[in-house]
Amino acid sequence: MAIVTPVSPGELAPGARRRLRLASPATLEPIDEIEVATAADVVAALEAARKAQPAWAARPVAERAQVLWRALDVLLARMDEYVAVIQRESGKPRTDALMIEIFAACDALAHFAKRAERMLRPRTQRLHGVLALAKKLHLVPRPLGVIGVISPWNGPFILSVNPTLQALVAGNAVLLKPSEVTPRSGELVAKLFAEAGLPEGLLHVLLGDGETGAALVESGVDKVSFTGSVGTGRKVGEACARRLVPCTLELGGKDPMIVCADADLDRAAGGALAGAFFNAGQVCFSTERVYVVDAVYDEFVRRVVERTRTLRQGSGGEFEIGPMIWPRQLEIVEQHVADAIAKGAKVLIGGRRNPALEGLYFEPTVLVDVTHDMAILREETFGPVLPIVRVRDEEEALRLANDCRYGLGATVWTRDATKGVALATRIDSGSVCVNDMTMTYGAPEAPFGGRKESGVGYVHGPDALLSYCHVQAVLVDRLGGRQTASHFPYSAAKDAGMQKFMRFLWSTPLRRFVG
Ligand code: NAD
């Protein structure tokens, strides 16, 4: 059962746009139908955005930030409504929707509303050495223009709203293309900002699949902020390179967790469950593999399995584990588990689709006797599966943690915070949590971005907001241009003077002051 199926051309009126039918991942029942935006739709949206953007950019940042504050009010007032939309097309538990989508969005709105003015303020920077006597440097962040935002289905609201709010407050217009699997959650972003009073023309949501996404990248936008898989990210990156426009690529992960002998095992076991199973494991920085030192391995595994038994899976009322949101991802999870079993892994709990439920449910699964020749330890599984590896010591854990083409997040569990930081800084990943699982994306001041194949650029931290701007350098000559004007014509005497000046600056102890 596919969640997204094309409406057959025979059912469409001549000349009509393509349509996609959507089914619920929880019940497999039809829930929606969308019209796919064409390349011409994208170009029309871009033209409207280009018209609206200069007036928006001309407004003071504080005024633009007011729209973010109002969006926060709207979101707080309408959170139940928004959660219902997100749950309907993703099937995720209410708590996952509230925590991952709404709480994180509120936090990002408040964070950037409060700080945007300071982060985007033009500033002067003192130049070094003698240059400071002759020139003054102004650094002026200026919006790029129109930003293309392309988002995935696992965090369909937060991963659409977060880049959008940053791009907008930085003075840009936005064309947003949410995943075809969860289009209405993306549409909520337009609804949110319209109700918050964002001027018309600045934000366009274009529903559609990869074809619409590709058209957006090729449309002439000034930057692309892409969140999704490595494969698609590579295509987006290549297209942006051809067009010479910047892109931020937030891609997949295979995050390792290291459990040291001195870890609080109960907390570490709880962390492993939260890290692997929240949002049914469909989180880019979810815990995808655990390395436990020999001395505490048996006890850690026992506690993890014991806790996993208590987890509830379902679609109504209270439950912890929802369905897989996309059928292809469920197939990947099944392939990874089957490959692991065929190569000698042991399933301690779970390991199969939930036979009691209609939808795309995979049981929370714990695997042991796993090795690095298995896909489950090398490729992104993106499902509720926790493979646990016994290691001799922390050195072996580090070696295996780094034996991976991804480098998004990681976690280290130890009672010794100093040791935790020392180990963290030896893991080749964009961020690391010590004694916590889920906070990597939750601290907007912390740079969040991947290394290796996990991506390019940051979606959080001061660099993230500035990535929606070009920081223009304006250099003002304090001498009114006298120095440059006397440059021509050249002469041997001028060359000799320059050489003397260079030796004066850099061949004496003076260089420590003028460097
Ligand atoms: P995907 O790459 O299949 O799709 C992402 C988006 O790209 C969708 O909107 C899709 O329609 C669009 N798209 C498809 N083909 C395109 C093309 N040729 N050009 C432009 N756009 C195109 O990813 P997904 O399956 O929706 O999401 C899951 C992946 O996202 C996982 O790998 C996960 O790790 C990753 N992810 C990363 C982060 C992060 O912050 N690093 C966060 C969430 C998800």
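Is L244 buried or exposed? L244 is exposed, because its relative accessible area is 75%; exposed is over 50%, buried is under 20%, and partly exposed is in between, with a 1.4 Å probe and protein chains only.

Okay, quick housekeeping. This is a predicted model, where local features need pLDDT of at least 70 and side-chain atom pairs count only at pLDDT 80 or more, while totals for chains, interfaces and linings use all residues. Residues are numbered from 1 along each chain as its sequence is written, and side-chain values use heavy atoms, with hydrogens and water left out.

Back to L244, then. You'll find L244 in the loop between α9 and β10. The helix and strand labels are DSSP runs numbered from the N terminus: H or I with at least four residues for helices, E with at least two for strands. L244 isn't a glycine, yet its phi is positive, near 60°. Most residues other than glycine have a negative phi, and most peptide bonds are trans.

A280 is another non-glycine with a positive phi, about 50°. Look for A280 in the loop between α10 and β12. A280 has 1% relative accessibility, so it counts as buried. And there's a cis peptide bond too, joining F488 and P489, with omega about -10°. P489 sits in the loop between α17 (482-485) and α18 (492-506).

P246 is partly exposed, at 42% relative accessible area. Leaving out residues up to four places away in sequence, P246 touches L144, D222, K223, V224 and C240; a contact is heavy atoms within 4.5 Å.

Now for some helix packing. Two packed helices are described by the angle between their axes and the distance between the axes. Here the axes are lines fitted to C-alpha atoms, for helices over the stretch in contact, and angles run from 0 to 180 degrees between N-to-C directions.

So how do α2 (residues 61-77) and α4 (residues 94-119) pack, and at roughly what angle do they cross? Their axes come within 8 Å and cross at roughly 160°. That makes α2 roughly antiparallel to α4: over 145 degrees is roughly antiparallel, under 35 roughly parallel, 65 to 115 roughly perpendicular, and the rest oblique. By class, this contact has 17 nonpolar, no polar and two charged residues. Nonpolar covers Ala, Val, Leu, Ile, Met, Phe, Trp, Tyr, Cys and Pro, charged covers Asp, Glu, Lys and Arg, and the others, Gly among them, are polar. On the α2 side, the residues include W69 and L72, and on the α4 side they include F112 and K114.

Compare that with α6 (residues 158-169) and α7 (residues 183-195), which pack at about 40° with axes 9 Å apart. α6 and α7 are therefore oblique to each other. S160, V161, T164, L165 and L168 in α6 meet G186, V189, L192 and F193 in α7. Those residues divide into six nonpolar, three polar and no charged.

Last stop: α11, residues 294-308. This helix has 15 residues and reaches 21 Å from first C-alpha to last, close to the 21 Å expected, where the expected span is 1.5 Å times one less than the number of residues. Which residues of α11 are buried? They are V296, Y297, F300, V301, V304, V305 and T308. An α-helix has 3.6 residues a turn, so residues three or four places apart point the same way. What covers the buried residues of α11 includes β11 (255-259) and α10 (265-277).
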